[in-house]
Amino acid sequence: MGVSSYTASARFGTSSAQWTVWTSDSAVSGQVSRGIESTLPAAVTVGLSIDSVSSAVSYDGPLIRAVLSGSPHSRTYLSFSGMGYGDSDHTISARFSGSACETTSWMADTVVRCTTRIERAKLPTSFVLTVGQVVGTWSGATSFSVLEISSVSPTNIPTTGHKIVLIAGSAYGAFDASPRTRVHASGCENTLWSSDTLILCKVGAGSSGFDPLATVRATVSRDMQTLSNAVSFDGPVSSLQMANTATTGTGSAMVYGADF
């Protein structure tokens, strides 16, 4: 490769190396771009000379760190948590016990989701995930996440509404599955998924009627959970003003507040 630093370049597959450095007469260094191929040929050009070798570089397969199970209904949602799933929606497939998932969806470089009709009790403990041409495997118990509401903040809401309520809990999902929320009998004006443990709800105007405390409900996919006696609404009366009136006559009073 020469006794000095000639203009050297390297290619891996169809892509040029991100950088190429001449090291010695017998070595050239180059940085490989990200990829999802099983193996790649390599070619080095020094001056006007070129040489290549097949199957020079291989990529690690996707790493599966955990498999989480979602809905307990007819379809079970499996979330593969790990890394190396690609920076875009490549051709991805997931299999277990020789059977393929009904659908497999790329969500992020760290999350892939698939759906299956297998019941939770019959879920296997061995999974295969294919991203492009590389394969990752995982064996172990499947973690079942259970939708639960643990707390609500704030716990007192003005009857005029337009208040953001934080609904903390678990199993809201590793991605935005369009959750729905209700406070008492009314749906929230807006619901925003924040994380697997937090949903934000914008409460509309209203009151809890004759109930001193209202129930909060969260629905994710087909799972639903409620938290009773979670929030209260401000009473409508803020002040009372009464003029001095004789005990033998009638009088009047001014009642101040909102949402009468």
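1. Rings of Phe, Tyr and Trp (its six-membered ring) are taken as paired if their centres lie within 6.5 Å; planes under 30 degrees apart count as stacked, over 60 as edge-to-face and the rest as tilted. By this rule, two aromatic pairs are counted, and ring pairs link Phe80, Phe127 and Trp138 into a cluster.

2. The model is predicted: local features need pLDDT of at least 70, side-chain atom pairs count only at pLDDT 80 or more, and totals for chains, interfaces and linings use all residues. Residues are numbered from 1 along each chain as its sequence is written, and side-chain values use heavy atoms, with hydrogens and water left out.

3. The pLDDT (the predictor's confidence in each residue, from 0 to 100) averages 75 over the protein chain, and 72% of the residues score at least 70. Strands (E, at least two residues) and helices (H or I, at least four) are DSSP runs numbered from the N terminus.

4. The centres of the phenylalanine 80 and phenylalanine 127 rings are 5.8 Å apart with planes at 80°, so this pair is edge-to-face. Phenylalanine 80 belongs to strand 8 (residues 76-83) and phenylalanine 127 to strand 13 (residues 126-131), so the pair ties together parts 47 residues apart in sequence.

5. Phenylalanine 127 and tryptophan 138 have ring centres 6.1 Å apart and planes at 35°, so their pair is tilted. Tryptophan 138 is buried, with a relative accessible area of 14%.

How values were computed. Buried means under 20% relative accessible area, exposed over 50%, partly exposed in between (1.4 Å probe, protein chains only).
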